Protein chains: 4
Amino acid sequence: MSILILSGSTRKNGNTEYLATKAVEGLPHTVVSLADKNIKPIVDMRHTEEGFSPVEDDYEEILQLILKHDVLLFATPLYWYGMSGPMKDFFDRWSQYLRDERFPFKEELKKKKAYVVITGGSDANIKGLPLIQQFNYIFEFVNMEFVDYMIGVGGKPGDVEHDYKALEKAKSWNKQLG
Amino acid sequence: MSILILSGSTRKNGNTEYLATKAVEGLPHTVVSLADKNIKPIVDMRHTEEGFSPVEDDYEEILQLILKHDVLLFATPLYWYGMSGPMKDFFDRWSQYLRDERFPFKEELKKKKAYVVITGGSDANIKGLPLIQQFNYIFEFVNMEFVDYMIGVGGKPGDVEHDYKALEKAKSWNKQLG
Amino acid sequence: MSILILSGSTRKNGNTEYLATKAVEGLPHTVVSLADKNIKPIVDMRHTEEGFSPVEDDYEEILQLILKHDVLLFATPLYWYGMSGPMKDFFDRWSQYLRDERFPFKEELKKKKAYVVITGGSDANIKGLPLIQQFNYIFEFVNMEFVDYMIGVGGKPGDVEHDYKALEKAKSWNKQLG
Amino acid sequence: MSILILSGSTRKNGNTEYLATKAVEGLPHTVVSLADKNIKPIVDMRHTEEGFSPVEDDYEEILQLILKHDVLLFATPLYWYGMSGPMKDFFDRWSQYLRDERFPFKEELKKKKAYVVITGGSDANIKGLPLIQQFNYIFEFVNMEFVDYMIGVGGKPGDVEHDYKALEKAKSWNKQLG
């Protein structure tokens with residue numbers, strides 16, 4: 001299985017990316033840092049006659065990566081009890097590309113397997129649950145299998161390296177993905 | 001009470017704004033459409049020595065508006081079971097301004113009253129609940145009173161005008177706010 | 001539409017029942033107070049050879065009432081952030097009666113419309129949401145339409161009579177049900 | 001640390017109890033099967049002059065066990081997306097004993113550490129989350145530390161023995177509790 005990590009962090013080498021890469025250690029994978037890409041917010045044109053028009057940014061490059069991989073691992077720090085803004089802008093644009101006949105996006109999403117990694121403070125184990133529920137609704141909507149999620153504890157850089165329960169879970173994913 | 005509507009919609013005259021303005025009909029209020037403003041995503045500098053530095057965008061203009069109003073009415077369509085990307089980017093930047101000594105942001109937020117309007121499809125009544133929980137955690141974090149929320153039903157333009165339960169609720173807010 | 005109120009309260013004339021009966025004021029309806037009935041907890045026999053056997057209590061009497069009505073209005077105070085114990089025991093036994101060929105329970109539930117009334121303290125508006133989600137999963141499981149829910153505020157006897165938003169909502173249900 | 005498992009299952013040797021006992025393997029612990037005890041539902045007397053009066057059942061025996069242990073491990077199968085009825089009746093009665101001056105219940109609960117084990121079908125990982133949120137609100141209310149939770153997959157007897165992720169988590173709890 002080919003693996004694509006979609007990272008929502010806006011910090012280099014953060015806890016979220018650490019956990020995500022632990023889960024795929026030794027396995028071929030690609031990482032896209034959404035914050036490093038130019039992703040414009042959606043402009044909702046669903047109810048207009050002209051519909052959506054192509055946008056000048058890096059979106060289609062990411063789209064091509066998604067189409068090519070079997071497993072999508074969404075990794076985001078908990079920002080204000082949700083996914084990061086760059087990741088949210090990324091998802092919002094799905095409304096556009098699910099309608100774009102140039103890409104078999106809708107059909108392909110159904111075949112993907114989704115994993116979610118969240119990291120946050122010591123209360124993320126509870127306060128991250130609405131975000132897990134949101135991810136679930138997203139994946140349900142596009143008929144993508146939601147295989148598993150994990151919520152790691154880590155605020156300051158390096159914190160999550162001490163969250164041995166999350167590290168154990170990363171190991172078990174590694175086995176499953178290998 | 002002075003009222004500020006912070007609108008996350010990316011469409012003009014949408015259902016969300018319709019409901020939000022119904023709630024403040026006849027009362028002085030200001031509307032900011034976040035999608036019309038230049039709001040850059042956060043870059044997480046919390047754990048660096050230099051910290052955050054000023055950003056060239058429209059954020060501080062919105063901040064000044066927040067400081068001046070007593071009631072913040074957050075209005076967002078349900079995009080992928082969350083708030084819209086532009087509104088998420090708006091919240092993410094709170095992490096920066098809560099640390100910016102040029103503004104009494106932290107102290108002032110505690111005195112505000114928050115209302116939330118969400119609109120979405122017929123399942124928003126349920127699938128919008130994780131977003132309500134997220135808003136609650138946000139407001140708890142900054143010690144702002146979460147007075148009430150409503151979830152209106154409306155996908156296509158004009159739909160929500162037929163959601164009489166939401167319109168009734170807007171009326172009761174109007175009474176409370178007046 | 002014939003209406004059955006299934007009440008989970010363990011107190012007479014409580015806030016929950018007040019709201020529920022407001023919603024059906026002037027409309028023919030039946031009220032069952034689950035706490036007044038003898039409802040034994042489930043004993044899970046799903047995985048045994050003999051399966052479930054008939055239980056000596058009042059359950060089948062309630063079952064007959066359910067079968068006869070079109071609208072089921074579940075009304076429960078928020079006890080420890082969930083439905084009351086007597087109501088939970090009531091739902092648990094569904095596992096038995098969905099398998100009991102003497103009753104067309106499974107087929108009939110699909111035709112019912114469900115309403116939910118919860119009352120609780122001032123934080124019930126948020127802390128009652130997991131219970132709303134639970135009710136939603138229950139109704140989804142049996143393919144019953146979940147029409148609407150309301151969360152009233154009321155701890156002490158009579159409190160909810162001052163929750164005019166809940167009373168407004170009860171009125172709008174009354175119109176819908178009439 | 002002395003450990004008390006409060007089991008909500010109504011089946012012998014079920015998946016939930018299997019996971020819970022794995023977590024405490026090799027450590028001294030006590031198991032109470034709530035369904036085997038006579039626990040009467042609460043009768044809400046909070047707002048009456050006379051208040052609660054003693055109830056003839058096994059409750060005080062369980063109360064004494066709680067007072068004597070440091071760690072409370074709540075283990076329940078997911079019944080209709082919530083805790084089992086016998087466990088719900090158990091919690092409802094807390095309203096009575098938090099007011100009963102014969103027991104230092106309120107003070108002692110603050111010193112306990114809570115763990116939660118849930119098992120359910122393959123969707124329990126998501127549909128069990130409202131129950132986790134409910135447990136969290138319960139523990140918050142009584143100021144008890146909510147250390148961790150796990151959601152195992154297992155419907156039929158023995159299923160959970162194949163949920164190696166849950167078993168790994170049980171191991172990590174075992175280390176933490178030992």
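1. Start with one charged pair. The side chains of D:K127 and C:E140 form a salt bridge, at 4.0 Å from N to O. Helix 7 of chain C, residues 129-141, is among the helices that each give at least two residues to the side of chain C touching chain D. The others are helix 3 (85-92), helix 4 (94-97) and helix 6 (124-127) of chain C. Helix 7 of chain C makes the largest contribution to that side, with seven residues.

2. This is a predicted model. Its scores are ipTM 0.97 and pTM 0.97. For chain A, the mean pLDDT is 95, and 100% of the residues reach 70 or more.

3. How many salt bridges does the rule find across the interface of chain C and chain D? There are three. The polar contacts there come to 18 residue pairs, with both residues at pLDDT 80 or more. On the side of chain C that touches chain D, 18 residues are nonpolar, nine are polar and eight are charged.

4. Now the extent of the contact. Chain C brings 35 residues and chain D brings 35 residues. The area buried between the two chains is about 3000 Å². Carbon and sulfur atoms account for 63% of that area.

5. Which three residues supply more of the area that chain C buries against chain D than any other three? They are C:W80, C:Y81 and C:Y137. Together they supply 28% of the area buried by chain C against chain D.

Definitions and conventions:
Residues numbered from 1 in each chain as written. Chains lettered and ligands numbered in written order. Heavy atoms only, no water. Contact = heavy atoms within 4.5 Å. Buried area = accessible area lost by both parts, 1.4 Å probe. Polar contact = N/O pair within 3.5 Å; in protein donor to acceptor, adjacent residues only side chain to side chain. Helix = DSSP H or I, 4+ residues; strand = E, 2+ residues; numbered from the N terminus. Nonpolar A, V, L, I, M, F, W, Y, C, P; charged D, E, K, R; others polar. pLDDT = per-residue confidence, 0-100.
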